[in-house]
Amino acid sequence: MLRRLSVTNLAVVEKAEAEFSNALNVLTGETGAGKSVLMGALALVAGDRADSSIVRDGAHEAVVEAEFYLDKTDIREYVDGVLEEAGLPLTEEGVLVVRRSVSAASGGKIRVNDASATLNTLRRLAARLVDIHGARSNQRIYEEKFQRETLDSFASVEKQLNEYRLVYDAMGEVMRRLAELKAVGEGGVGEEIETLKYQIAEIEAAGLGEDDETLKERHAAAAHAGDFIESANFITESLGGDDGALGRLASTISHFKQISRFVPAAEEWEREVESFISGIEDLSRNIAGEAMKFDCANEDLEELDKRLTLVNKLKRKYGSSVSEILAKLEQKKSRLEELENIDVRINELEMELKTVRKSAVEAASRITAKRLKAARALAQTVTRELRDLSFREAEFSVVLEPQELTASGGDKVVYHFMPNPGEKARPLADIASSGETARVMLALKNVIAVHDNTDLLVFDEIDANVGGETGKAVGEKMKSVADYRQVIAITHLPQSAVYGRRHLVVEKTVDGGRTKTKIYPVEGDERVREIARMLGGEKLTSVVKKHAEELLSLSR
């Protein structure tokens with residue numbers, strides 16, 4: 001749930017903060033008070049793009065901060081997965097904080113759990129956190145993708161879709177390879193076969209092996225072997241030669257024994273020197289041993305030069321390493337065999353395509369069967385919901401039209417709507433008004449709330465263009481949705497507003513010639529006055545007040 005939203009210097013809002021309940025939250029206020037600014041703030045949290053025009057005049061930046069509490073294990077795991085993938089701090093005790101700032105000059109910053117984040121990461125997070133429905137977002141209901149995904153959510157076909165997509169992707173790969181071979185066959189394969197034979201012969205002639213992986217290091221060693229041996233000999237002579245460090249240190253031992261009669265600490269000094277002598281002996285032996293190996297393993301530099309030149313030439317043509325070149329060799333052999341037997345291979349792929357296409361059709365038919373069953377149930381349930389929203393005789397239906405197989409199956413999903421009896425049901429996009437669309441969206445959201453995976457639903461004036469009795473029905477539906485999800489609703493209708501568990505008022509004031517907006521919760525008498533204001537404007541008569549009290553009482 002969204003626990004807190006703070007806004008600073010965004011449009012007309014200088015500074016405002018709101019806290020929300022986990023059920024239905026309603027925001028009311030006069031036109032122009034800043035309710036739309038709060039919707040804009042939530043849209044920024046959800047990953048909308050922003051520009052400097054939204055910054056309040058005179059301010060250098062606008063800031064929006066949202067604090068979410070993730071009390072559901074699946075959502076917390078999803079969010080932490082996205083955060084971990086993006087290298088961001090994970091949630092602590094289920095708390096996620098999103099902060100966006102927009103500069104008046106240009107650009108902006110996104111911080112998630114106090115660490116810099118990208119817009120793409122924010123959008124991935126918001127996909128499970130916020131679902132905004134307003135005049136613009138309600139247009140999504142007309143999109144075939146939205147209609148199909150909503151039906152699929154209701155039908156719980158995720159498992160069948162995942163199984164189908166594996167087969168569908170396999171079919172696509174076979175089709176791609178088949179088309180490629182046919183195109184090659186039509187253009188003639190002789191030239192490519194000759195090229196492949198030359199390339200295979202060139203790589204095989206080199207006789208590449210494991211030793212060639214270290215060729216560069218061996219070449220460098222051989223090129224500098226003389227320098228190494230000369231320096232190693234100098235070092236070992238300096239350490240252990242007749243006049244080396246080892247002999248000089250050894251000659252000091254007798255002197256330590258002499259002075260130890262007068263200075264007891266000299267015995268410890270003697271042991272330290274003996275330790276140095278032992279270390280120098282080991283060091284000298286190790287260096288001499290390496291020099292001997294270097295000398296014994298000294299390869300012919302001219303031969304290494306030739307080999308290195310050959311291997312580097314192959315790397316430039318076929319791969320950055322010997323193992324990559326050898327892998328490319330196997331690919332070319334496989335391709336050559338395929339081309340030399342192209343007619344046989346085309347026939348094999350055509351048979352394979354028939355098999356995999358049959359599997360894809362069967363997998364798609366299983367999805368279709370679940371969709372058809374769910375389509376009838378969804379249509380009946382949404383129709384019942386619409387009855388409650390003052391569509392007394394409207395009909396909602398879900399039509400599946402067969403189509404060529406796509407990544408989503410073999411169906412095109414189309415929502416049909418008949419708002420009045422005696423009319424022919426037609427696609428929703430062709431006939432629904434904005435008010436009807438909003439109510440159909442609300443009915444859908446109420447039906448699929450238990451299947452939906454978004455925790456917060458935001459409705460921006462979803463009850464616009466409807467009357468008081470319908471507004472009451474809309475309020476009841478939003479409250480019903482809030483049984484499963486947190487809901488924030490901006491409304492002008494008192495009949496809807498009374499159903500909110502938490503009621504926030506957005507108020508505009510003028511101070512020093514500047515417009516300011518504040519948000520505050522109302523309860524008790526204050527809430528009665530706000531509902532009365534929505535009913536009767538500025539004149540708070542006893543009749544209007546009593547009506548407000550009755551609406552609030554009935555909503556409980």
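Reader: Is glutamate 67 buried or exposed?
Author: This is a predicted model, in which local features need pLDDT of at least 70 and side-chain atom pairs count only at pLDDT 80 or more, while totals for chains, interfaces and linings use all residues. Residues are numbered from 1 along each chain as its sequence is written, and side-chain values use heavy atoms, leaving out hydrogens and water. Buried means under 20% relative accessible area, exposed over 50%, and partly exposed in between (1.4 Å probe, protein chains only). With a relative accessible area of 17%, glutamate 67 is therefore buried.

Reader: Arginine 4 forms a salt bridge with glutamate 67; how many residues apart in sequence are the parts that the pair ties together?
Author: The closest N and O atoms of arginine 4 and glutamate 67 are 3.6 Å apart, and a salt bridge requires a side-chain nitrogen of Lys or Arg within 4 Å of a carboxyl oxygen of Asp or Glu. Arginine 4 lies in strand 1 (residues 2–10) and glutamate 67 in strand 4 (residues 61–69); helices (H or I, at least four residues) and strands (E, at least two) are DSSP runs, numbered from the N terminus. Arginine 4 is also buried, at 16%. The pair therefore ties together parts whose separation in sequence is 63 residues.

Reader: By about how much of a helical turn are lysine 145 and glutamate 149 separated?
Author: The side chains of lysine 145 and glutamate 149 meet in a salt bridge, at 2.9 Å from N to O. Lysine 145 is partly exposed at 46%, and glutamate 149 is partly exposed at 37%. Because they are 4 residues apart in helix 4 (residues 144–155), their separation is about one helical turn.

Reader: In which strand does lysine 518, the partner of glutamate 507, lie?
Author: A salt bridge of 3.7 Å, N to O, joins the side chains of glutamate 507 and lysine 518. Glutamate 507 lies in strand 14, and 11 residues in sequence separate the parts that the pair ties together. Glutamate 507 is partly exposed at 29%, as is lysine 518 at 41%. Lysine 518 lies in strand 15 (residues 514–521).

Reader: Which elements give two or more residues to the lining of the second largest pocket?
Author: The second largest pocket has a volume of about 240 Å³; on a 1 Å grid over the protein atoms alone, a pocket is an open set of points where a 1.4 Å probe fits, with protein on both sides within 12 Å along at least five of seven lines, and lining residues have an atom within 4 Å of a point. The volume is the space filled by probe spheres set on the points, which are joined across faces, edges and corners. Among the 13 lining residues, the closest to the centre are Val505, Glu507, Tyr520, Glu530 and Arg533. The elements that give two or more residues are strand 14 and helix 19.

Reader: Against which elements do the buried residues of helix 19 pack?
Author: Helix 19 (residues 524–536) has 13 residues. Its buried residues are Arg527, Val528, Glu530, Ile531, Ala532 and Met534. By contact (heavy atoms within 4.5 Å), they pack against strand 3 (24–28), helix 18 (494–497), strand 14 (502–511) and helix 20 (542–555).

Reader: Which residues does serine 321 touch, not counting residues up to four places away in sequence?
Author: Serine 321 lies in the loop between helix 12 (301–318) and helix 13 (322–340), and is buried at 18% relative accessibility. Its C-alpha is 9.3 Å from that of aspartate 212, although the two are 109 residues apart along the chain. Beyond four places in sequence, serine 321 touches Glu213 and Lys315.

Methods. The expected span of a helix is 1.5 Å times one less than its number of residues.
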